[in-house]
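Here is a short briefing for a first look at this structure. Start with the view below, then work through the points by topic.

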Amino acid sequence: MAPFVVYDIISENTNLLMAFFIGIGFGFILEQAGFSSSRKLAGVFYGYDAVVLKVFFTAAIVGMLGLLFFSLFGWVDMSVIYVNETYLYSAIVGGVIMGAGFIMGGYCPGTSFCAATIGKIDAIVFIGGMFLGVFIFGEGYPLWKNLYMAEFMGFPKISEFFGINEGIFVLLVIVAAVLMFWGAEWAEKKFPREEY
Amino acid sequence: MKKFQFTPRQMLSVVILSLGIIIAAVPKDTTTPYKLSADQILEEMKSGTQYLYPDLIAQMLVEGDPTLQLIDVRPPAEYEKYHLPGAINIPFDELLSSDYQYLLNQDVMMNVLYANGTTRANEAWMLIRQLGYDNNYVLTGGLNYWVETILNPQAPATSSPDDEFARYDFRKAASGALGGGAVAPVEQGSTAPAAIPRPRPQQKKQAVQGGCS
């Protein structure tokens, strides 16, 4: 039953090699979908282009439905699936910083590398800024260590935190996503831009 | 009349919404299947790694091993009458009650289930093992064998191999520390268990001292 323990099946080097090819495929698809344009990403926030929103929410919905249905069929063991740990405050602060960088720079970390490989100068500057941020965070770690580690909540799922059934939570997310998709398309018509 | 046709967007919305409704209607328990199949349980039972011998448990008790958690699966009345030191009572009938799951499904303690014999404890072990709980073991022979071997050990024949005598010595010492005198008086007399000094924990590989030391 899934999830499989990777190192039981293939060696560590094979694993890295596969990660390399998957990474290339991922980057290629991001580029083909136009994610290497900072205008497209910033468009989410200005309402003229909601492709990014739709792509990420579609991925999340397919992932959620897939996991729950596979679990229902007995193909995957949900209890051993890794759930990210939650440090509430650093998640909020980090989310705000990431969102601000997203709007100002027009990239998220993955798409910035994608755009840098096709020679976009703003993406190269963005990557420089990212490394600068990593450096500042690492060197100043003692200063924000308390905030970084504050309010550790373990490994909760949102459905567990609110005490509702996982399936019902998934349905709520889907309803919200569908409403968002339609709202986003309405916004695209409302705030069109000729060229970007 | 114009034929109604879904646009791809409407189609996608309808599909994911219906899938969402299906998964929301699934009862929770069916999405968390048993973690071990019958085959896997059979393999584990064949290997018998869940069985622990009374000597090991006695040694852990005497040493005060903090990871040992004895669990009495007999009815509460029998538990009240007599139970092993430090044991908690999880009656077999209430094994699956949610009150006890945190004790049975954990990674810290070494749970040792026991009943009067082996069977009941082993049945309990099978059930919780099938739920995928780790760190649960069964006391071989249960309390009956415990009384026979630990609380009331029989001296081996003089022609027995040395390690028989070592085991007997250990059992006699453990018996004193674990209240053996109260169950079946042996030659130490009827001193209260608490007053008896704890024997030095005896390592398995320790040099054998023979039967008359």
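The points below cover confidence, the two chains, their contact and one residue.

This is a predicted model. Chain A has 10 helices and zero strands. In chain B, strand β2 (residues 68–72) and strand β4 (residues 110–114) pair in the parallel sense.

**Confidence in chain A**

- The average pLDDT of chain A is 85. A score of at least 70 is reached by 97% of the residues.
- Confidence is lowest in helix α1 (residues 6–9) of chain A, with a mean of 74. It is highest in helix α7 (residues 121–139) of chain A, at 92.
- Where pLDDT is low, predicted coordinates should not be read in detail.

**Chain A as a whole**

- From the N terminus on, the elements run α-α-α-α-α-α-α-α-α-α.
- Chain A has 196 residues, and 16% of them are buried.
- Take the contacts in chain A between residues at least 6 apart in sequence: 70% of these join residues at least 24 apart.

**Helix α4 of chain A**

- Helix α4 (residues 51–72) of chain A has 22 residues, so at 1.5 Å a residue it should span 32 Å. Its end C-alpha atoms are 31 Å apart, which agrees.
- Its buried residues include A:Val52, A:Met64 and A:Leu68. A:Leu65 and A:Ser71 are buried in this helix as well.
- The buried residues of α4(A) pack against α3 (38–46) and α10 (166–190) of chain A. They also pack against α1 (8–25) of chain B.
- Just after α4(A) comes A:Gly74, with a positive phi of about 80°.

**Where the chains meet**

- On the chain B side, 15 residues are in contact with 18 residues of chain A.
- The side of chain B that touches chain A has eight nonpolar, five polar and two charged residues.

**Strand β2 of chain B**

- Five of the five residues in β2(B) are buried.
- Both faces are covered. B:Leu68, B:Leu70 and B:Asp72 lie on one side, with B:Gln69 and B:Ile71 on the other.
- β2(B) pairs with β4(B) in the parallel sense over five bridges. B:Leu68 has B:Met110 as its bridge partner in β4(B).
- β2(B) also runs parallel to strand β3 (residues 88–89) of chain B, joined by two bridges. There, B:Ile71 has B:Ile88 as its bridge partner.
- From β2(B), the chain crosses through helix α4 (residues 76–81) of chain B to β3(B). This β-α-β crossover is right-handed.

**Strand β5 of chain B**

- Strand β5 (residues 136–139) of chain B is covered on both faces. B:Asn136 and B:Val138 are buried on one side, B:Tyr137 and B:Leu139 on the other.
- Strand β1 (residues 51–52) of chain B pairs with β5(B) in the parallel sense over two bridges. B:Leu52 stands opposite B:Leu139.
- β4(B) and β5(B) run parallel and are joined by three bridges. B:Val112 has B:Tyr137 as its bridge partner in β5(B).
- Between β4(B) and β5(B), the chain passes through helix α6 (residues 119–130) of chain B, in a right-handed β-α-β crossover.

**A closer look at B:Glu44**

- B:Glu44 is in helix α2 (residues 38–47) of chain B.
- B:Glu44 counts as partly exposed because it has 15 C-beta neighbours inside 10 Å.
- Not counting residues up to four places away in sequence, B:Glu44 touches B:Thr49, B:Gln50 and B:Arg129.
- B:Met126 is 82 residues from B:Glu44 in sequence, but their C-alpha atoms are 9.6 Å apart in space.

Definitions and conventions. Residues numbered from 1 in each chain as written. Chains lettered and ligands numbered in written order. Predicted model: local features only at pLDDT ≥ 70, side-chain atom pairs only at ≥ 80, totals over all residues. Helix = DSSP H or I, 4+ residues; strand = E, 2+ residues; numbered from the N terminus. Buried ≥ 20, exposed ≤ 12 C-beta atoms within 10 Å, placed from the backbone. Contact = placed C-beta atoms within 7 Å. pLDDT = per-residue confidence, 0-100. Pairing = 2+ DSSP bridges. Right-handed = clockwise from strand over helix to strand, strands pointing away. Expected span 1.5 Å × (residues − 1). Nonpolar A, V, L, I, M, F, W, Y, C, P; charged D, E, K, R; others polar.
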